[in-house]
Each structure stands twice: as C-alpha cells, then as structure tokens.
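The following report describes a single protein chain.

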Amino acid sequence: MSTTGKAFGLDLLETARRYLTKTKSQELLVRSAVLICAYLLAFSIRLFSVLRYESVIHEFDPYFNYRSTIILVQKG
C-alpha cells in the first residue's frame, strides 16, 4: 500500500469516528439499522410460506383471505 493509500484509510477512519461520535448521527444510524432489520424480517416472514410451500395459495395467507372476503361481500 502506498503512503497516500494509508493516509486515505486513516482519514476515512477518522471521518467515520467523528461521524459516529455525534449523538444525532448515532440516532440516525440506529434508526436506520432498526428499520432495515424490520423490513428484512417482515419480507422474510412474508416470503417464508412461498419458500416452504411453493406458490400455493392456502387459507393462512392474509392477502388471500382479504381478497376472498371482498369477493364474498360483493357477490354474496
């Protein structure tokens, strides 16, 4: 690694260290991390039935139940 590469790496670490020591930055980082984790968890839960049972519509699918209820209400 050249000296400019080391200087760039140290500068990048120093910038990251300064950024993470600020309270607002930490709050934003934590909020973003929590939202990303919640999104990934929700997506994986929703996709779990598709991965396990393939793309078969079954009675435990909430969106299927919602659409079925709408059709039953409209058409009796």
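By the rule for salt bridges, how many does the count come to? The count comes to 1 salt bridge, a contact defined as a side-chain nitrogen of Lys or Arg within 4 Å of a carboxyl oxygen of Asp or Glu. The model is predicted, local features need pLDDT of at least 70, side-chain atom pairs count only at pLDDT 80 or more, and totals for chains, interfaces and linings use all residues. Residues are numbered from 1 along each chain as its sequence is written, and side-chain values use heavy atoms, with hydrogens and water left out.

The salt bridge joins the side chains of E27 and R31, with 3.1 Å from N to O. Both residues belong to helix 2, 4 residues apart, or about one turn of the helix.

The structure also holds 1 aromatic pair. Its members are Y39 and F43, which are stacked, with 6.2 Å centre to centre and 20° between the planes. Rings of Phe, Tyr and Trp (its six-membered ring) pair if their centres lie within 6.5 Å; planes under 30 degrees apart count as stacked, over 60 as edge-to-face and the rest as tilted. Y39 and F43 are likewise 4 residues apart in helix 2, a separation of about one helical turn.

| Residue | Relative accessible area | Class |
|---|---|---|
| E27 | 35% | partly exposed |
| R31 | 54% | exposed |
| Y39 | 55% | exposed |
| F43 | 46% | partly exposed |

**Surface**

Y39 and F43 also take part in a nonpolar surface patch with I36, L40, L47, V50 and L51, and together these residues have about 720 Å² of accessible area. Patches consist of residues with over 30% relative accessible area and no salt bridge, where like charges are joined within 9 Å and nonpolar side chains (Val, Leu, Ile, Met, Phe, Trp, Tyr) within 5 Å. For the protein, the accessible surface is about 7200 Å², of which 69% belongs to carbon and sulfur atoms; areas come from the Shrake-Rupley method with a 1.4 Å probe. Buried residues make up 4% of the 76 residues.

**Architecture**

The protein has 3 helices and 0 strands, in the order α-α-α. Helices (H or I, at least four residues) and strands (E, at least two) are DSSP runs, numbered from the N terminus. Helix 2, which includes I36, covers residues 23-53. An unreviewed UniProt entry annotates residues 28-48 as "transmembrane region", and such annotations may be inferred rather than shown by experiment. Over residues 28-48 the chain is 100% helix, with its end C-alpha atoms 30 Å apart.

Helix 3 (residues 62-75) comprises 14 residues and reaches 20 Å from its first C-alpha to its last, close to the expected 20 Å. The expected span is 1.5 Å times one less than the number of residues. G76 follows helix 3 and has a positive phi, near 80°.

Methods:
Buried means under 20% relative accessible area, exposed over 50%, partly exposed in between (1.4 Å probe, protein chains only).
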